[in-house]
Structures are given as structure tokens and as C-alpha cells.
Amino acid sequence: MVDVDLSQPPFSFLDEEGRERVRNGIDLAYFDRDEVILETGQPGEYVFLIHKGEVAELDTTQPGARERIGHYTAGDLFGAISILNGKSRYRFRAEQESLCYLLPKALFLQLADDYPAFAEFFRQTLAHKTRLLTEQRAEGGVTMAGFMLARVEECMRPPLCMGPGATIAEAVARLHESHADSLLVEGGDGAGMVTKTDLLEALVLHERGKESPLQDIAHFELVTVRPEQYLFEVLVMMTRHKVERVVVLEQKQEQEKGSPIGVVELTDVLSYFSSRSYVVSLQVEQADSLDALFRASRRTPELVKALMAQGVKLRFAMGLLAALNGRIMSKAWSFLIDERYHADSCLMVMGSEGRGEQILKTDQDNGLILADGLEWPDVGEQMQRLTETLIELGYPPCPGNIMVNNPDWVGSVSQWRERIARWAEKRDGDSLMKLAIMLDSHAVAGNPALLDRVRQALFEQCSRDEILLSYFARTALRFSTPLTLFGSLKKPQHGIDIKKGGIFPIVHGVRTMALERRIKPTSTLERLEALAADGRLEERVAEDLAEALSLFTELRLKQQLERLGGDTDNQSPDRVVVQQLSSLERDLLREALHIVKDFKQSLSQRYHLEYS
């Protein structure tokens with residue numbers, strides 16, 4: 001029996017009996033430098049697991065400089081696809097003296113039949129493989145399944161419904177009898193909601209009679225969800241819309257609106273997840289002073305660690321944290337800024353915060369839009385105080401001074417339009433950067449309609465300007481992809497810069513396409529979906545880019561969390577040391593970087609660019 005480490009995927013999808021069959025069935029083979037291990041067109045007879053050495057994967061149909069498409073080192077495996085497809089599509093050649101474990105074809109096929117998850121691993125796309133990696137990382141507490149497979153229908157409570165003729169007195173009695181906090185009342189255009197607070201205000205503050213129609217105090221603009229949606233999505237919606245309950249509607253055909261079949265309360269969701277970290281959302285909502293907001297805000301790193309440890313899909317984590325950060329800033333705004341200015345001003349966040357792609361708090365990138373004609377004498381003083389407060393809340397000052405205490409990032413709607421026109425005309429590096437920043441802007445407080453007007457002006461100014469788009473897109477090619485000439489991962493001792501080499505090209509390339517197509521969402525993932533729906537990107541390409549971006553972001557976040565906990569000496573959170581990654585992580589990273597390389601090539605062709 002051969003002693004081999006089988007703790008990593010795909011062997012981790014076998015039980016102990018299956019792994020024992022592998023140990024008893026494999027052999028060890030030696031291959032000399034430059035020896036062809038598996039030839040193009042050759043039937044696959046073994047799955048090769050590298051014990052020592054390096055192996056190159058070669059596409060013999062490509063010219064010499066481009067034929068090397070893969071690079072495998074200790075812990076990597078190859079040859080399985082050759083067995084499943086009947087023959088090898090590529091040539092595999094030893095780059096140095098190599099030792100490989102050989103898993104015979106017959107045993108491999110038996111294991112694939114007996115263990116579906118093992119077989120499925122070899123047929124997965126990048127998206128599926130990254131999900132496997134996420135599941136593998138989940139540990140303790142609420143598991144991946146607890147978050148990602150828990151749906152609304154598992155947590156909703158039956159709705160309390162009353163007819164259109166119900167009175168306030170009848171509603172009070174019904175709530176008291178049911179020990180509930182809200183009920184639904186039928187109306188001409190669908191159901192409306194009434195809470196205990198609504199009833200109390202109607203009776204005490206507005207002095208309505210007990211026999212008054214319940215419909216008169218109901219809220220008919222409801223936040224609704226479907227029973228098959230994930231609970232985690234609902235938590236994000238509640239945070240973003242500032243509500244503590246949503247109404248569940250039955251699924252109907254096409255656009256027909258369904259009837260209420262349930263209600264989900266915020267307390268239901270939080271108790272379902274049963275993790276103290278998730279109370280952060282509630283603490284932010286309940287904060288009634290800056291001190292209380294400071295205490296809640298300081299707990300967000302704890303929330304991030306819990307989300308990552310429990311294997312929550314990064315997209316949902318980013319959505320929740322973006323909504324939570326937005327609420328923290330909105331609360332700070334409401335505590336500091338006189339209410340008379342709220343309707344005529346808009347606080348916007350930009351950069352990764354504007355795209356909803358920042359999980360840990362980083363530098364402030366914010367600005368202020370004022371309604372034309374608004375008189376606000378001490379706006380500068382107020383914005384300085386807001387900036388200082390955000391610093392106390394954990395958002396460090398921006399090194400580039402892109403903050404509301406800088407007059408260059410405060411202005412009326414007309415002033416912002418003039419700035420955009422000036423930037424579009426100049427087209428220099430600084431102007432293009434500012435256009436990109438504004439394109440990612442997102443309202444977090446005040447009147448969002450003001451930002452809508454400014455962004456519309458940006459689209460009108462830039463979306464049809466082919467020369468500007470070409471200048472704008474060129475920045476996506478600014479940093480090289482950290483792959484060797486032969487298509488393998490670069491392995492510098494100080495690590496590869498995952499932000500420059502992976503994240504930025506996707507974010508800025510997609511941003512350019514969104515500008516051209518006047519796509520309003522700021523999230524890169526939402527932009528990808530919109531570009532696919534628009535026909536500008538193939539669905540497969542959009543999905544691959546989304547999964548690649550998620551992988552890069554997660555690897556970067558892992559570094560940030562280690563720095564936060566003092567577990568690493570690495571000075572840059574953007575650098576990933578390839579040698580410290582697992583075999584599966586290296587495989588995913590290599591595949592994701594090839595996706596980036598292909599995307600940059602397509603950008604170059606579309607916008608008539610040249611690699612620098």
C-alpha cells in the first residue's frame with residue numbers, strides 16, 4: 001500500500017473506504033526531464049498525481065510561445081479528463097525529473113461510479129470548483145448549507161390577514177390574541193401592512209377612533225420576497241430598505257402579482273442564523289446616538305470573520321456588508337446634518353464602497369451633491385465634522401483626499417455636470433480616474449435623485465464618445481497578468497499582487513462596457529449580468545468573470561483578515577504567496593488569471609488598444 005496524502009479534493013469527496021481503495025490501487029512512477037508522460041490523442045490509462053517535480057500541459061496546435069497552457073507541481077493531478085473523454089486533448093511533459101502516483105483507469109472509473117461527487121469534480125466549471133473550495137473552508141457554527149440552502153419558506157410565519165372592512169379595534173384585539181407584531185389588511189390594490197407601532201400612533205398621536213377603518217393607516221408599499229429566495233438575501237434587503245419585516249408572496253406565472261402567504265420578521269432571520277455576529281445589523285438600526293453607532297460599527301470585522309469562517313458565498317457577504325456600511329454612514333449623516341438640508345443634498349460613496357465590493361472598511365471615497373440654488377453657509381464645517389466622525393467609525397481618510405471635506409468633491413448638480421464635461425474633454429489620467437470614480441458612485445444618505453441627475457449627465461457626455469472610451473479602457477491593461485510566458489503562475493517570494501493582476505482588469509474593463517451601454521448598477525457582478533442580458537457579453541464569459549472576481553476578492557480578503565489578526569508578516573494585503581496556497585487554490589487561481597488574460601485581449605480588440 002502506498003502512503004499518499006488524500007486530504008485534498010477530489011479525494012476528500014471519498015469516504016475512508018474509498019481512500020483506502022486508492023492507496024491499495026495506485027503505483028509510483030518516475031519520469032525523466034522532458035519525457036512525454038501523456039501524448040495528444042493518446043487514450044487515457046491513468047490519473048497522475050504529482051509527488052515531486054513539475055509537469056507542463058501543452059497545446060500542440062499552437063505556435064511555440066503559446067503552446068504551454070498549464071503548469072502542474074506537487075499535489076496537482078492530471079489525466080482524468082483524458083479518461084473521461086477517451087483520449088488526451090493535450091500533451092503532458094515532465095519539466096524536470098518527476099515522481100507521480102498512477103491511479104489506473106479501471107479504478108478511477110469505479111470510484112466515479114460509486115462516488116458521484118468525486119466524478120462531478122472533474123466536470124466542473126470554475127464556478128462550481130470555487131463553490132467546492134468555499135464549502136471546504138466552512139467550519140463550525142452555522143454551516144454553508146445553513147446559510148445558502150435555508151430559504152424563506154423555512155422561516156416565514158403565517159400572515160395575519162383582515163378584510164377591507166376591519167377596524168382599528170378589531171386589529172388591536174387580533175394582535176393581542178395572536179401575540180404578533182403586525183398584520184395584513186386587504187386593499188383595492190393588494191395587501192397593506194399595519195404594525196403595533198402604527199396602531200399606537202393612530203390611537204394616541206393622531207387621536208383616531210377605535211372604529212376607524214384599518215385601511216386608512218396601512219402601508220401599501222411593501223418589500224416583498226418569494227418563498228424560494230434565500231434567507232441571506234432577505235437579511236440584505238431588510239438592511240438596505242431599513243425595514244424589519246417583509247411579506248412573502250406566492251409564485252405566479254409571468255408578471256402576475258401573487259397573494260401573501262407569509263411574513264418574515266428580522267428577529268426570525270437573526271434567530272435562525274443563531275450567531276451573535278449577525279446582531280450587528282440590529283445594533284446599527286437601533287443605534288440612537290453616535291456612541292451607540294461607534295460600538296456597533298466596531299463589530300463589523302467580527303461579522304466578516306464569522307461570514308468567512310462559516311463559508312458564506314462572497315457575493316452575499318459583500319451585499320450584506322455594503323448595505324451595513326451604507327446604513328452606518330446614513331445614521332452618522334442623520335445625527336450630524338440638519339434635517340432641513342436632507343432633501344436638497346446627497347451623500348455619495350465611490351470606489352469599491354460605491355460598487356458594494358468592499359468588505360473590510362478601507363479609505364473613505366465620498367462626495368456631496370447639492371441641489372442648484374441651495375444655500376448652506378456652513379457646509380464646509382459640517383462636512384469636516386462628518387469626515388472626522390467617519391474616521392472614528394473606522395473609515396480611514398483617503399490618501400488622495402477624495403472626501404466631502406475637500407471642496408473639489410462638493411458641488412451643486414450644475415457644478416458636477418460642468419466637472420464631468422471638463423474631465424471628458426481633457427482625457428488625461430487624472431480626469432479619466434475621476435470619471436471612473438463618479439461612474440461607481442452610490443447614494444447612502446440624503447436625496448438619491450440628485451445623484452441620478454449627475455450620473456445621467458455622465459452617460460450622456462461619455463457613452464457615445466468612441467475616442468474617450470478607448471482612452472478610458474486602456475487603463476484596464478495597465479498591469480500585467482501574473483502568468484509566465486508559458487501560462488503557469490508566477491511565484492515571487494513576496495507574492496503576486498492580486499488586486500492589480502486580477503481584480504482591477506475585471507472591474508475596470510466591465511466598468512468601461514457599462515459606461516458604453518449606459519448600465520446603471522454599480523456592482524461589477526450586477527454589471528456583468530446586465531451586459532449578458534444586453535447581449536454585450538456571452539453568458540458563459542460573464543459567469544467566468546464573476547467567479548474569477550469572487551475568487552480574487554476572497555484570496556485578498558483572506559490576507560486582510562490574517563493581517564487584522566496579526567497572523568502574517570506580509571506587508572501588503574493585496575499580495576498572495578502562491579507557494580502557500582493549496583493545490584485546488586493554485587488550480588483555481590491559474591484558471592481565473594487565464595480568464596483575465598482572455599478578457600483583456602477582448603477589450604484590446606473592442607476598443608482598439610495595444611498591450612503596453
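Start by selecting Glu39: with a relative accessibility of 27%, Glu39 counts as partly exposed, a label for values between buried (under 20% relative accessible area) and exposed (over 50%), found with a 1.4 Å probe and protein chains only. The model is predicted, so local features need pLDDT of at least 70 and side-chain atom pairs count only at pLDDT 80 or more, while totals for chains, interfaces and linings use all residues. Residues are numbered from 1 along each chain as its sequence is written, and side-chain values use heavy atoms, with hydrogens and water left out.

**Stop 1: Glu39 and Arg91**

Arg91 forms a salt bridge with Glu39, and the closest N and O atoms are 2.8 Å apart. Arg91 lies in strand E7 (residues 91–94) and Glu39 in the loop between strand E2 (36–38) and strand E3 (46–52), so the pair ties together parts that are 52 residues apart in sequence. Arg91, at 24% relative accessibility, is partly exposed as well. A salt bridge here is a side-chain nitrogen of Lys or Arg within 4 Å of a carboxyl oxygen of Asp or Glu. Helices (H or I, at least four residues) and strands (E, at least two) are DSSP runs, numbered from the N terminus. Side chains of opposite charge can pair when their charged atoms come close. How many salt bridges does a search of the whole structure find? The search finds 25.

**Stop 2: Arg527 and Asp440**

Select Arg527 and Asp440 next. Their side chains meet in a salt bridge, 2.9 Å from N to O. The pair links distant parts of the chain: Arg527 is in helix H22 (residues 524–533), and Asp440 is in the loop between helix H18 (429–439) and strand E18 (442–446), 87 residues apart. Are these two residues buried or exposed? Arg527 is buried, with a relative accessible area of 1%, and Asp440 is buried, also with 1%.

**Stop 3: Arg517 and Asp534**

Move to Arg517 and Asp534, whose side chains meet in a salt bridge at 2.6 Å, N to O. Arg517 sits in the loop between helix H21 (498–516) and H22, and Asp534 in the loop between H22 and helix H23 (539–564), 17 residues apart. Arg517 is partly exposed at 41% relative accessible area, and Asp534 is partly exposed at 37%.

**Stop 4: Glu585**

Select Glu585 in helix H24 (residues 583–606). Glu585 is buried, with a relative accessible area of 5%. Leu551 is 34 residues from Glu585 in sequence and 9.1 Å from it in space, C-alpha to C-alpha.

**Stop 5: H9 and H14**

Show helix H9 (residues 231–241) with helix H14 (residues 314–336). Their axes, which are lines fitted to C-alpha atoms over the stretch in contact, come within 9 Å and cross at roughly 15°. Angles run from 0 to 180 degrees between N-to-C directions. H9 and H14 are therefore roughly parallel to each other, the term for angles under 35 degrees.

**Stop 6: a surface patch**

Finally, select Val172, Leu200, Leu203, Val204 and Leu205. These residues form a nonpolar patch on the surface, with about 450 Å² of accessible area together. Patch residues have over 30% relative accessible area and no salt bridge; like charges are joined within 9 Å, and nonpolar side chains (Val, Leu, Ile, Met, Phe, Trp, Tyr) within 5 Å. Accessible areas come from the Shrake-Rupley method with a 1.4 Å probe, and for residues only the protein chains shown count as cover. Which helix gives the most to the nonpolar patch? Helix H8 (residues 196–205) does, with four residues. Leu200 is in helix H8 and is exposed, with a relative accessible area of 56%.

Technical notes
Parallel < 35°, antiparallel > 145°, perpendicular 65-115°, else oblique.
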